[in-house]
Amino acid sequence: EGIYKNQEAIRKRLLVDNKDLVLVTKPEKDDVYVEVDGKWKLLHDFVDQNRWTAAEPSYNARVELIEYYRMLLVLFSKMCLDRNKDTIQSVRGFIDVRCLFYMMRDNLLRPNLRKTACTLFMTCFLDCDPQEA
């Protein structure tokens with residue numbers, strides 16, 4: 001009961017009241033795009049540290065944003081662990097299952113981001129049916 005109440009409070013605060021705190025992704029063809037500063041960017045280009053340098057003014061902000069996105073996916077997967085159907089439905093409204101598939105198979109993404117996408121896929125789309133009594 002306590003876990004459910006916590007999940008509901010987080011869901012309401014993050015996924016209902018403050019939707020602007022969640023990075024938006026969309027699937028397109030076989031890629032994932034992320035909206036950053038009002039512009040759509042390929043996720044693997046955005047997270048590829050070889051494409052930008054520490055001299056860029058936004059370097060630290062980008063590193064933090066990438067980790068924020070990964071930890072957001074971690075939070076989503078932990079919130080779905082107990083098969084809370086309201087939370088699962090809310091998370092599904094924010095991330096398309098195709099985005100998770102594309103992230104899992106994209107070798108250009110860091111392994112920890114691919115692993116996080118896999119965990120979220122399992123808790124939100126695969127092992128998500130309520131348990132039978």
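**Close-up views of a predicted model**

By class, the residues around the largest cavity are three nonpolar, one polar and three charged. This and the views that follow come from a predicted model.

**View 1. The largest cavity and its lining residues.** Let us start with the space itself: the volume of the largest cavity is about 40 Å³. Around this cavity you will find V47, I66, E67, R70, R110, N112 and L113. Which element gives the largest share of the lining? That is α3, with three residues. Helix α3 covers residues 59-80, and together with α6 it makes up the elements that give two or more residues to this lining. In the whole model, three cavities of 30 Å³ or more are counted. Rolling a probe the size of a water molecule over the atoms shows where empty space is left.

**View 2. A tilted aromatic pair, F101 and F121.** Next, look at two rings whose centres are 5.0 Å apart. How many degrees lie between the planes of F101 and F121? The angle is 45°, and the pair counts as tilted. F101 belongs to helix α5 (residues 97-105), while F121 belongs to helix α6 (residues 111-126). The two residues are 20 residues apart, and their pair links distant parts of the chain. Is F121 buried or exposed? F121 has a relative accessible area of 15%, so it is buried. F101, in turn, has a relative accessible area of 42%, which means that it is partly exposed.

**View 3. A stacked aromatic pair, F121 and F125.** F121 and F125 are separated by about one helical turn because they are four residues apart in helix α6. F125 is partly exposed, as its relative accessible area is 21%.

**View 4. The cluster of F101, F121 and F125.** Now put the previous two views together. The structure holds two aromatic pairs, and ring pairs join F101, F121 and F125 into a cluster.

**View 5. A charge over a ring, K26 and W40.** To finish, here is a contact of another kind. What sits over the ring of W40? You will find the charged end of K26 there, 4.4 Å from the centre of the ring.

Definitions and conventions
Residues numbered from 1 in each chain as written. Predicted model: local features only at pLDDT ≥ 70, side-chain atom pairs only at ≥ 80, totals over all residues. Heavy atoms only, no water. Phe/Tyr/Trp six-rings, centres within 6.5 Å; stacked < 30°, edge-to-face > 60°. Buried < 20%, exposed > 50% of the residue type's maximum accessible area, 1.4 Å probe, protein only. Lys NZ or Arg CZ within 6 Å of the ring centre and 35° of its normal. 1 Å grid on protein atoms, 1.4 Å probe; cavity = no way out; pocket = protein on both sides within 12 Å on 5 of 7 lines; lining within 4 Å. Points joined across faces, edges and corners; volume = space filled by probe spheres on them. Nonpolar A, V, L, I, M, F, W, Y, C, P; charged D, E, K, R; others polar.
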